[in-house]
Amino acid sequence: MGNITTATRTVLLLVITIIMAIAYHGEAIACPQVNMYLAQCLPYLKAGGTPSPMCCNGLNSLKAAAPAKADRQVACNCLKSVANTIPGINDDYAKQLPAKCGVNLGVPFSKTVDCNSIN
């Protein structure tokens, strides 16, 4: 059980994401689901550059999972919490992430956003 390859890690993350999506199907979105969708974005959020395809796929999945205003507000609060909890997340990179992935999320990713103002 030594080293796990990047490919194995990616497949494992994808399987977990699918399981989480199935588990939450039909229910309101929750922070563990939001965090799972964006786990692959952490390297970008800390160092900038170009987000990975897995990160952008997660962002698209988050958009699909949060169609209602209440879901978007929950997702916003989750993103805000992560941005303020995990050391090294750059707020400017976070704000740029949706545009870099070509996803109109409808939820700002920022340490200072007022999530109650989300439509």
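I take helices (H or I, at least four residues) and strands (E, at least two) as DSSP runs numbered from the N terminus. I note that this is a predicted model, in which local features need pLDDT of at least 70 and side-chain atom pairs count only at pLDDT 80 or more, while totals for chains, interfaces and linings use all residues. Residues are numbered from 1 along each chain as its sequence is written, and side-chain values use heavy atoms, with hydrogens and water left out.

**Whole chain.** I looked up the elements and found six helices and zero strands, running α-α-α-α-α-α from the N terminus on. Of the 119 residues, 37% are buried, where buried means under 20% relative accessible area with a 1.4 Å probe, protein chains only.

**Leu62.** I then turned to Leu62, which lies in helix 4 (residues 53-65) and counts as buried because its relative accessibility is 1%. Leaving out residues up to four places away in sequence, I listed its contacts (heavy atoms within 4.5 Å) as Ile29, Val34, Tyr37, Leu38, Ala75, Leu79 and Leu105. Leu105 is 43 residues from Leu62 along the chain, yet their C-alpha atoms are separated by 7.9 Å.

**Helix 2 and helix 5.** Which residues make the contact of helix 2 with helix 5? I found Cys31, Val34, Asn35 and Leu38 on helix 2, and Ala75, Cys78, Leu79 and Val82 on helix 5.

Definitions and conventions:
Buried < 20%, exposed > 50% of the residue type's maximum accessible area, 1.4 Å probe, protein only.
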